[in-house]
Amino acid sequence: MINVEAFKRMSYGLYVVCSGNQNQGNGYISNSIFQVTAQPAQIAACCHKDNFTAKIIQKTGSYSISILHNEAKTSVIDKFGYQSGADIDKLKGMNVEYGGTGVPILLNEAIAWIECKVVKTVDVGTHLMFIGEVLQTELLDKSKQAMTYNEFKENKQRTAPPNAPTHIEESKASKAEKSGGKYQCQQCGFVYENNKEDKPFEELPDDWTCPVCGAPKSAFEEV
Ligand SMILES: Cc1cc2nc3c(=O)[nH]c(=O)nc-3n(C[C@H](O)[C@H](O)[C@H](O)COP(=O)(O)O)c2cc1C
C-alpha cells in the first residue's frame, strides 16, 4: 500500500542547477539534490530527460548547484523552475560566475555553490541521475538559511511542475486534500475519511467496495 501523504513528510532543499559554458548556459530549479558519499564528496542531481539542461549536462559533463536562501525571489524560481532554456535565455541579465570547468554558476539568491564533474549517469526512467564529484565549493552568505522545499510550497503558494520527481505524488495528495477527504456511501451512509485510513479514497482501486454494505466505489459521493 502506498499512501502518498508519506512522501510529503520527506525533506528537500531548493537549488538552481546550471550547466554549459560562456557561449551557451542554462539552469533549472531542483529539489532532488543530495550528497551520496563523503570521500570523495559526491552529489547526485536528478534531472528530467526533457529538461533542456539535461542535454547540456550530458554534453559538457559538469554542473553547478546554487543553494537558494529562504527568502529567495519568486521571480528567480519562476524563471528557472517553470520556463525552459529551449525558449528563453535564462542566464541573460543574471549574476553569473564561471567554475574551473567553465560551468556557469548562478549567484542571484544563492548562499553557497558547488561545482561538480559528472562521474556517472544513471538512467532512472523519466530522469537521469547525474552523480557528480565535487570540484569546488564557495560559501557566499553565512547570515542566511537555505530554503526548504516545504517553505517554498507554503510561502510561494506553488508546487513542483511535472518534470520534478515529486510531482505525481504531490498532485494526487493535493487532490485528496482539496476534496476535504470525506466520501459517503449513498447506499448505507458509511463515510470514508481519508485522514482515518491508510490510503486516500482517490487512490482506492476501481473494484474496491464499501466495507459496510459492499456497494461499488462508484456509489460514493464526496461529502
Ligand atoms: C520546486 C521545483 C522543484 C523542481 N525539481 C526538479 C527536479 O528535481 N528535477 C527536474 O528535472 N526538474 C525539477 N523541476 C522542474 C524544472 O525546474 C523545470 O522543468 C524547468 O523548466 C526545466 O528547465 P530547462 O528545460 O531549462 O532545463 C522543479 C521545479 C520546481 C519549481
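Reader: How many residues surround the ligand, and which are the closest?
Author: In this predicted model, 29 residues surround the ligand. The closest are Ser32, His48, Thr53, Ser84 and Gly85.

Reader: Start with Ser32. What lies 2.6 Å from an oxygen atom of the ligand there?
Author: A polar side-chain atom of Ser32.

Reader: And His48, which part of that residue is 2.7 Å from a ligand oxygen?
Author: The backbone. A polar backbone atom of His48 is 2.7 Å from an oxygen atom of the ligand. Phe52 also has a polar backbone atom by a ligand oxygen, at 2.9 Å.

Reader: How much of the ligand's accessible area does the protein cover?
Author: 97% of the 640 Å² that the ligand has on its own.

Reader: Which pocket is that?
Author: The largest pocket is the space taken by the ligand.

Reader: Where does the largest share come from?
Author: From E2, with 5 residues.

Reader: What about the shell by class?
Author: It has 14 nonpolar and 14 polar residues, plus 1 charged.

Reader: New topic. How many aromatic pairs in the whole structure?
Author: A search finds 9. Take Tyr12 and Tyr149: their ring centres are 5.8 Å apart and their planes stand at 90°.

Reader: Where do the two sit in the chain?
Author: In distant parts, 137 residues apart. Tyr12 is in the segment before strand E1 (15-20), and Tyr149 is in helix H3.

Reader: Backbone now. Is the peptide bond from Gln39 to Pro40 cis or trans?
Author: Cis, with omega near 0°. Most peptide bonds are trans. Pro40 lies in the loop between strand E3 (33-37) and E4.

Reader: And phi of Glu109, positive or negative?
Author: Positive, near 65°, in a residue other than glycine. Most such residues have a negative phi.

Reader: Where is Glu109 found?
Author: In the loop between strand E7 (104-106) and strand E8 (110-123).

Definitions and conventions:
Residues are numbered from 1 along each chain as its sequence is written. This is a predicted model: local features need pLDDT of at least 70, side-chain atom pairs count only at pLDDT 80 or more; totals for chains, interfaces and linings use all residues. Side-chain values use heavy atoms; hydrogens and water are left out. A residue is near a molecule or strand if one of its heavy atoms lies within 4 Å of it. A polar contact is a pair of N or O atoms within 3.5 Å; within protein, one must be able to donate a hydrogen and the other to accept it, and residues adjacent in sequence count only if both atoms are side-chain atoms. Accessible areas come from the Shrake-Rupley method with a 1.4 Å probe; for residues, only the protein chains shown count as cover. On a 1 Å grid over the protein atoms alone, a cavity is a set of points where a 1.4 Å probe fits but cannot get out, and a pocket is an open set with protein on both sides within 12 Å along at least five of seven lines; lining residues have an atom within 4 Å of a point. A molecule sits in a cavity or pocket if more than half of its atoms lie within 2 Å of its grid points. Helices (H or I, at least four residues) and strands (E, at least two) are DSSP runs, numbered from the N terminus. Ala, Val, Leu, Ile, Met, Phe, Trp, Tyr, Cys and Pro count as nonpolar, Asp, Glu, Lys and Arg as charged, and the others, Gly among them, as polar. Rings of Phe, Tyr and Trp (its six-membered ring) pair if their centres lie within 6.5 Å; planes under 30 degrees apart count as stacked, over 60 as edge-to-face and the rest as tilted.
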